[in-house]
Amino acid sequence: MSERSTALTQTDTHCPYCALQCGTRISGDREAGVKVHPADFPVNRGRLCQKGWSAPEVLAATDRLTRPLVRGRDGRLAEASWDDALDTVAESLSRLRARYGPDSVAVFGGGGLTNEKAYLLGKFARVTLGTSQIDYNGRFCMSSAAAAGIAAFGLDRGLPFPVTDLRDAQTVLLAGANIAETMPPLMQHLDGADLIVMDPRRTATAQRARLHLQPAPGTDLALALGLLHIAVVEGLTDQEYIRSRTQGFEAAARRAMGWWPERVEEITGVPASAQRRAVRMLAESRNAYVLTGRGVEQHSNGADTVSGFVNLALALGLPGTCGSGYGCLTGQGNGQGGREHGQKADQLPGYRPITDPAARAHVGGVWGVNPEDLPGPGRSAYELFDSLGGEQGPRALLVFGSNPAVSAPNASRVSERLASLDLLVVADFVPSETARMADVVLPVTQWAEEEGTLTNLEGRVLRRRRLLPPPAGVRSDLQVLHDLAVRLGEPTSRYPTLPREVFEELRAASRGGKADYSGISYERLDAGESLHWPCPDTPDASQSPDSSRTTGTPGTSGAHPGTPRLFLDRFAHTDGLARFTEVEHRRPAEETSSRYPLYATTGRVLAHYQSGAQTRRVAELVEAAPEPFVEMHPDTAARSGLADRELSLVTSARGSMTARVRVDSSMRLDTVFVPFHFPGDGRANLFTHPALDPRSGMPEFKVCAVRITPLPGAAL
């Protein structure tokens, strides 16, 4: 479907929220309102969650941004013309770059941006600004799983098989994933499976499990090592698979030998009998899967922890086997595509490493620039925020599609650094908490007002289609990048503004990369083809960069059918073998103490999404989850001098947040849970720990030490 200036009365598109990317049909207009209906799309099969049903309400948000805002000498944001706002940004960027160099300017993107936006943002940062200082909020979401997947398989795609394959599973281990709340339509694909759920809380997903493993926060890798130990000692490994399809098993197994079940029970709290039962359930099933989520990934040892679960899957012979496998449950709407096309600190389009001379030469050729002029890798997300305004750090930051004032760890520190900048520019469609701090706010389109592509958790490339023209005064992110680039001296042709044209360039830039989109086109997608990358512009599936056999159906005119199932014949390493990774458990960055005697963990709830900037503007969702809460065992509350529904302070060494107590007798006595969707004094990230994973740059969102006290002067 081509871009149009007139509104359509109905169109097929996808939900704007999570990486499942449920198919929807939307209809209506601004006067009558927009309605959404679930489509019979493979991942959601006619179902939506509460967020999906209510998504059109954000289109009519009463505080929708429709005019640029510029902060005046009086310190207040005031409406400005687009020319004035863009001139202000361009003049400031030029001045800072001339005085302090290109790395004085930084860019921060988001996993909700379309592939076209993410691609053009990375190009703008590296070509127009010449800065190495670009990263995106997927660093806080998928980076640990990505690092582990690349190490093990030579390639990172969340699910290397279609979601629909899970319908035939007999047993599924969900490690740190609460999909009944975060991806409810996915649960229907697991109806026939026995679930093993590993989570310190008895979540809605755990309540549906055949077996719930409830480890102490920060001990997930010890449990993964213990499960591998049991598989090896009890002779449950697939020795033929290990011999023919992997390398490194002996070293990984030796590490696991130090983690016998009783030792693991002492450290994690998971009974040895439950550990043995879990491994036997997986090993004795014909079709079994190991799936990881943020619960095991958002740690300072998150990449090693995911590697521990990949090791278990490899030992059982699951990855690359029809009807079984390992996968990571990507979170954000374009969390997969967003990490493939260049907005990540160390990456160029096509999932190419920015340090690879061949990758730089290829992308430089597509962009028409000297590869030697491209910057190298920059800081990861938290390192970038921590450096803002410092002597060696950026003095300006451009934010697209993210709300780090709420979503980043150690939020007080991040807010301080944002406030120290010479220039903060935010492109958004609502006044998020980060936008309210900005010097310039640029109003941009949202999902039903724009065209583009996204890539869901299975690596399926999808079309986002426009129903409505944007409100008067609103521009697309692509137009914003074009307008800034031209003001900074770029030729007008270097930054297309039509998504279809940007995608054509993305295809060329990705050609030959791990995430090869060169065989995908708007025409094929609009014709209804189901295309998973890699999909090179060759009809021969053996030319895919991972040389994996594909089970796809030949596409238009014999074109490559895409690769719905990776690794069936070989993995993406040059020798075709998967790698076990030698890992060892280590304790969290912060232990409990007499001053901070409890573990705190954070996560999502059904009604909200990410920082809540969208869902907190939907009345139905606010009614369902109106305020931050802290969930704890009744005895934990009593020892803290609190009762159900009372207001409390959750305090760590970094700061305190305010939350209403919610007692739950299924909680561990040593653990409290707080959702991270709320702003102001309700930000969970006021207390989270910024310790970083050395492999992935992931902060330790999922465990830190806290104390709980009554809120002084609070009343019910």
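**Arg45 is partly exposed in this predicted model, at a relative accessible area of 40%.** (Buried means under 20% relative accessible area, exposed over 50%, and partly exposed in between, with a 1.4 Å probe and protein chains only.) Look for Arg45 in the loop between strand S3 (33-38) and helix H1 (50-54); helices (H or I, at least four residues) and strands (E, at least two) are DSSP runs, numbered from the N terminus. Arg45 is not a glycine, yet its phi is positive, near 45°. Because the model is predicted, local features need pLDDT of at least 70 and side-chain atom pairs count only at pLDDT 80 or more, whereas totals for chains, interfaces and linings use all residues. Residues are numbered from 1 along each chain as its sequence is written, and side-chain values use heavy atoms, with hydrogens and water left out.

**Tyr351 also has a positive phi without being a glycine, at about 65°.** Is Tyr351 buried or exposed? Its relative accessibility is 11%, so Tyr351 counts as buried. You will find Tyr351 in the loop that links strand S14 (347-348) to strand S15 (352-353).

**A cis peptide bond joins Trp533 to Pro534.** Omega for this bond is about 0°. Pro534 belongs to the loop between S21 and S22.

**Phe108 sits in strand S6 (residues 105-109).** Phe108 is buried, because its relative accessible area is 0%. Leaving aside residues up to four places away in sequence, Phe108 touches a set of residues including Asp135, Tyr136, Asn137, Leu397, Leu398, Val399 and Phe400 (contact means heavy atoms within 4.5 Å). Phe108 and Pro404 are separated by 296 residues in sequence, while their C-alpha atoms are 9.2 Å apart in space.

**Helix H4 (residues 143-153) is mostly covered, with nine of its 11 residues buried.** Among the buried ones are Ser143, Ser144, Gly149, Ala152 and Phe153. What do the buried residues of H4 pack against? Their partners are helix H11 (294-297), helix H12 (302-315), strand S13 (325-328) and strand S22 (578-579).

**Five strands make an open parallel sheet in the order S10-S9-S8-S12-S13.** At its edges lie strand S10 (211-213) and S13, each pairing on one side only. (Two strands pair if DSSP finds at least two bridges between them.) From one strand to the next, the twist averages 15°. H12 packs on this sheet, where it touches strand S8 (171-175), strand S9 (194-198), S12 and S13, and its direction makes about 175° with that of S12. (Axes are lines fitted to C-alpha atoms, for helices over the stretch in contact, and angles run from 0 to 180 degrees between N-to-C directions.) Strand S12 (residues 288-292) pairs with S13 in the parallel sense over four bridges; Leu291 has Gly327 in S13 as its bridge partner.

**Three strands form an open antiparallel sheet in the order S19-S20-S21.** How many bridges join S19 to strand S20 (residues 460-464)? There are four, and these two strands run antiparallel. Here Thr453 stands opposite Arg463 in S20. Helix H3 (residues 115-129) lies across S19 and S20, at about 95° to S19.
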